[in-house]
Amino acid sequence: MPSAIVIGGGLAGMSAAAALGEAGFEVNLYESRGFLGGRATSYPLPGEDGASGEIDNCQHVLLRCCVNLLDFYERLGAASKIRFYSEFFFLEPGGRLSRLRRGVLPPPLHFAGSFLRMPCLNFSDKAAIGRAIRAIEREHQRADLDRITMLDWLREHRQTSRAISRFWNQVLVSAINEDLDRMAASHGFQVFRLGFLASRDSYEMGVPSAPLAELYSSEQWGRIGNVRLNMRSAVERVEFSGGRVTGVLSRGERKTADYYISSLPFERLTAAAPGFEASLDGFSHSPITGIHLWFDRPVTELPHATLLDRTVQWMFNKSDGRYLQLVVSASRKLVEMSKGEVVEMALRELSEFFPAARSAKLEKAHVVKEVRATFSAGPGLESRRPTSRTAVPNFFLAGDWTKSGWPATMEGAVRSGYLAAEAVTGTAGAPRKFLIPDIA
């Protein structure tokens, strides 16, 4: 039985391990922490009374167009723990609500009815967005989309300031974790085309109904044979000799296999694999901030909402309107702020959208700053992203920063893991296909 070592227990490493395990490989996955999931995980948060509840580091969502992520959840038997919503809520300061949901027309016109009724946009805004949507369909193969920013493209197509701030910004910044003036237009095009134009239900938003770590629990892994999870077992060094990987060091012990996959973030790769030459010029990070707030009473009945014209971009109702999780993507301005300042800002803004929050008592708050949440998907970077195959014949790369065909999303991470697993099986002489093609 061929063997493989997977370094890193994020979505990329887990998906590679699951695919290889089902393909008959003996797989050892090494993760430095005591839980799986990488940047998409959950952990216990002790309370003042000594009890602890589990929280996600940040609210992670997916769309139905994330076909490989859904396939991975199916492999683990966790797909039933994802709840899908077919309606988006856009909320203005003052509380006026707009709804976006599909109607009876076929795509790409399936949103026409609700879109035309959205009060948060005026006629000029809607006309501009309509022109841009038609242009996306025409121009999605433009050769220069990776060289210009999404904001450049939107301005080129005469988008109004409110169309940019209240529609494109809310949809794309959260999906790609980058500001429009830093985001390559190619990434904005891809996510919008697949999520909103490809099919009637591809836009539906999936929100895990259980803590993220529960999706990857040992019980879930029991469905997949031949995969051993080695927790709290960081790989300290990848050893090279004679142009190949000869082993890895973990907890002071040398481990060997036929094939090796690194799913480490790009900033950790060269430190763990000092004998591996990697060109990482141009790679940088974009942060995400998650703000957890617990109130003494319900402050909203909405399951989720995108909040317009303020710093906080999304609200997710985690428990009966009393526990809310707020998300700020590309949150560079929040990185240097203290926890107290972030919470104060969040409460101030929340009270503008939900009047009940003004009289509610805040019982607890927690702020999670993922400073290295994703790579910054800027113009010109796509050509620098490495493929899963390397110059070392038994060493492969996975991770949302590699050339997965997607930006830095959970779908991109799983795609990279499947591509690395495909490369391993091909090198082993028994090629398998794991990657599911995009829906369009």
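Strand β15, residues 285–295, is mostly covered, with ten of its eleven residues buried; buried means under 20% relative accessible area with a 1.4 Å probe, protein chains only. Strands here are DSSP runs of E, at least two residues, and helices are runs of H or I, at least four residues, numbered from the N terminus.

This is a predicted model, where local features need pLDDT of at least 70, side-chain atom pairs count only at pLDDT 80 or more, and totals for chains, interfaces and linings use all residues. Residues are numbered from 1 along each chain as its sequence is written, and side-chain values use heavy atoms, leaving out hydrogens and water.

Back to β15. Ten bridges join β15 to β19, residues 362–375, and the two run antiparallel; pairing requires at least two DSSP bridges. Ser-286 has Thr-374 in β19 as its bridge partner. Seven bridges link β15 to β18, residues 323–329, also antiparallel, and Gly-290 stands opposite Val-327 in β18.

Now the helices. Twelve of the 13 residues of α7, residues 185–197, are buried, so α7 is largely enclosed by the rest of the structure. Those buried residues pack against elements including α4 (123–139) and α6 (161–176), contact meaning heavy atoms within 4.5 Å.

How do α4 and α6 pack, at what angle? The angle is about 60°, with the axes 9 Å apart.

Technical notes. Buried < 20%, exposed > 50% of the residue type's maximum accessible area, 1.4 Å probe, protein only. Axes fitted to C-alpha atoms, helices over the stretch in contact; angles between N-to-C directions.
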